[in-house]
Amino acid sequence: MPSQPHDTVNPAGPADVPVNPATGRLVFGWLLVGIPLGYGVVTTLSRVGQLFQ
């Protein structure tokens, strides 16, 4: 199997690896969506649990 460009190891170490600025926005976006979504899921499941008691 031929070596691909993304298979190479950076000999300088992890400190010199460029950080993609979109990663921070992606994490922030998931937090903005995930926290209300998680609250909604927990609230819905607790109400469903009350229906079957």
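Analyst: UniProt positions follow the numbering used here, feature names are shortened, and annotations may be inferred rather than shown by experiment. In this case an unreviewed UniProt entry places a "transmembrane region" at residues 27-48. The model is predicted: local features need pLDDT of at least 70, side-chain atom pairs count only at pLDDT 80 or more, and totals for chains, interfaces and linings use all residues. Residues are numbered from 1 along each chain as its sequence is written, and side-chain values use heavy atoms, leaving out hydrogens and water.

User: What share of residues 27-48 is helix, and what share is strand?

Analyst: Helices (H or I, at least four residues) and strands (E, at least two) are DSSP runs, numbered from the N terminus. The span is 100% helix and 0% strand, with its end C-alpha atoms 30 Å apart. The chain has one helix and zero strands.

User: Where does α1 bend?

Analyst: A bend at a residue is the angle between axes fitted to the seven residues ending there and the seven starting there. Helix α1 bends by about 25° at Gly34, and Pro36 follows within four residues.

User: Is Leu32 buried or exposed?

Analyst: Buried means under 20% relative accessible area, exposed over 50%, and partly exposed in between (1.4 Å probe, protein chains only). Leu32 lies in α1, residues 21-51, and is exposed, with a relative accessible area of 54%. Of the 53 residues of the chain, 2% count as buried.
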